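Q: I am new to this structure and would like to learn how to read it. Could you take me through a few features, one at a time?

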Amino acid sequence: MSEISTPRRRILVAGGGLGGLTVAACLLKRGHDVRVFEQAPQLGEVGAGIQVSANAGRVMAHIGVADRVAEIGFLPDQYRFRTFDDGSVLQAIELGARYRETHGQPYVTIHRADLHTVLVDAVRGLRADAIETGARVTRFEEDETGVTLHFDGRASERADLVIAADGIKSVLREQILGHAQADYTGDAVWRVIVPMEDLPPMARETCTDIWVGPGRHAVTYPLRRGTLMNFVGAVEYPTLEAESWTTPRPWEEMRDDFLGWNPMIAAIIEAAPRGECYRWVLKNRTPVRNWSTRFATLMGDAAHPTLPYMAQGAAMAIEDALVLARALDIDAEIPAALDRYQRNRVDRTARVVTESTENRKLFHMPSMEDLRASFARRNMSGERNGWLFSYDPATVPLE
Ligand SMILES: Cc1cc2nc3c(=O)[nH]c(=O)nc-3n(C[C@H](O)[C@H](O)[C@H](O)COP(=O)(O)OP(=O)(O)OC[C@H]3O[C@@H](n4cnc5c(N)ncnc54)[C@H](O)[C@@H]3O)c2cc1C
C-alpha cells in the first residue's frame, strides 16, 4: 500500500462493474477507506468478450493485474476491418509483438466475467470486505462537510466522497444532471460465444475482425487463450422494444440478420448454442461537460456512455478510475480534485464517444463502393496508435 500526502478519505463507490472495481482498487492502493456497493445479489458479468487496449492495460499494470489479464485472455495478431462478404481487408492495425513494444502493454481480448473476477480479486486483496452485494443505491445528500449515500432497504452511509459508477442507467447521474432519457441509437447487438473446437479450421481466426457492410456490422475475436470465439453483430432496427441483456432470442432471427455474409460469420452462427443467443438495444447520450457536485462525481458509462464501435467504453471507465485517484493525490480539497478529474477527462471521453458514434455511419454505409472509398481515406493504425492507445492514465499531466 502506498502513502498519500493528501488526507485519507472515506469513499463510497456505487456500482461494482469494471469501472467501479477499478477505481476501488486504485483508491485502496493509496490507502483510502473504500467501499463498493453493487445492486446485484451476486458479483458477475454477462457472457461476452471485451477488448483491453494498452491505454486501459496501463491501469491494469498500475493495480498489479496486467500479467494475469494477458495470461487468461488472448493476444490477437491484428485488428482488421473487413468487408462483410468476401472478407477483404480494408485496414489493419498490428497488435502483436510490435504493439506491445510500442505501448509497453499488449492488446488483450478477454471474457468479461474473467476480467471482472480479476478485478474483484484485486479489490478484495486490498480490503477483504470492500465489496457489498445486494446493495442498491437510491440517492445521495450533501451538506457542508460531506455526503450521505442512501440505499434501498439498508442503513445509509456517510463519506467524504461518492463515486457513481452505476452504468448507463445511473440513478446518481439523474441527481447530478437532472432527468434525461438515454436515446435509442437505432442499433441492437447480438452476442454469442462459441467453443473454438466447434468451428471449422477456416473460421478459427486469431485476429480481432470488424466485418462491415450495409446497415450492420459484426465483430469476431478469440477469448480464453483461444478456446472460445466471441461474436457481436450490430444490426439497424428502426424501432425495437426494450430488451434485457440476459433473455435469449430465437437463433433463427440472428441467422436471418446475417444471411449472405462471409462463410466465417456463417460458421460461427451455425455453431452458436441455440438457447444462448442474446440481443440488446444500444443507447447513447450526448457528452456533457459537468459530472460532479461538491462531494459526488460520475465515472464510466454513468458519465459518458459510449457505443461499442471503437471497443473503448470500459477502457474509458478504467482510465477515469486512475485519473480520479491521481486527482485526489494532488488536491487536498475534494471539490478541487473533482474539478481536476473532470477537466482532464471530459475532452478525451467526448472524443471517444463522438468517434464511436460516427463509426456507425462508416461501418454501415449502404453502398460498398462508398464504404471502400471511405476506408481508403483513413489511416486507422496511425489514428489509434497516435492518440488513443498511447494515452497513459498513470503519467498524463493533470492540469
Ligand atoms: C456489445 C458491447 C461490446 C463492448 N465491447 C467493449 C470493448 O471491447 N472494450 C471496451 O472498453 N468497452 C466495451 N464495451 C463497453 C463497456 O461494456 C462499458 O463501457 C463498460 O461496461 C462500462 O463500465 P461501468 O463500470 O461504467 O458500467 P457497467 O459495466 O454498466 O457497471 C455498472 C454496475 O453498477 C451496478 N449498478 C447499477 N445501478 C446501481 C445502483 N443503483 N446501486 C448499486 N449498483 C448499481 C450494475 O449492476 C453494474 O454492476 C462494450 C459494450 C457493448 C454493449
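Q: Is the crossing of α1 and α5 left-handed or right-handed?

A: A crossing is left-handed if the near helix is turned anticlockwise from the far one by less than a right angle, and right-handed if clockwise. The crossing of α1 and α5 is left-handed. The contact uses Leu18, Leu21, Thr22, Ala24, Ala25, Leu28 and Lys29 from α1, and Leu115, His116, Leu119, Val120, Ala122, Val123 and Leu126 from α5; residues are in contact if their C-beta atoms, placed from the backbone, lie within 7 Å.

Before we go on, a word on the source. This is a predicted model, in which local features need pLDDT of at least 70 and side-chain atom pairs count only at pLDDT 80 or more, while totals for chains, interfaces and linings use all residues. Residues are numbered from 1 along each chain as its sequence is written.

Q: At what angle do α1 and helix α5 pack?

A: Axes are lines fitted to C-alpha atoms, for helices over the stretch in contact, and angles run from 0 to 180 degrees between N-to-C directions. Helices (H or I, at least four residues) and strands (E, at least two) are DSSP runs, numbered from the N terminus. For α1 and α5 (residues 112-126) the angle is about 30°, and the axes lie 9 Å apart. The two helices α1 and α5 are therefore roughly parallel to each other; angles under 35 degrees count as roughly parallel, over 145 as roughly antiparallel, 65 to 115 as roughly perpendicular and the rest as oblique.

Q: And how do the axes of α2 and α9 cross?

A: The axes of α2 (residues 54-62) and α9 come within 8 Å and cross at roughly 45°. That makes α2 oblique to α9. This crossing of α2 past α9 is left-handed.

Q: Which strands make up the open sheet, and in what order?

A: Strands of a sheet pair through backbone hydrogen bonds, either parallel or antiparallel. Here the open sheet has three strands in the order β8-β9-β10, with antiparallel pairing; strands pair if DSSP finds at least two bridges between them. β8 (137-142) and β10 (157-159) are at the edges with a single partner strand each, so one side of each has no neighbour in the sheet. Five bridges join β8 to β9 (residues 147-151), and Arg139 stands opposite His150 in β9.

Q: How many residues surround the ligand?

A: A residue is near a molecule if its C-beta atom, placed from the backbone, lies within 6 Å of it. The ligand is surrounded by 33 residues, and Gly15, Gly17, Gly167, Gly300 and Gly313 are the closest. α9 gives the largest share of this shell, four residues.

Conventions. Contact = placed C-beta atoms within 7 Å.
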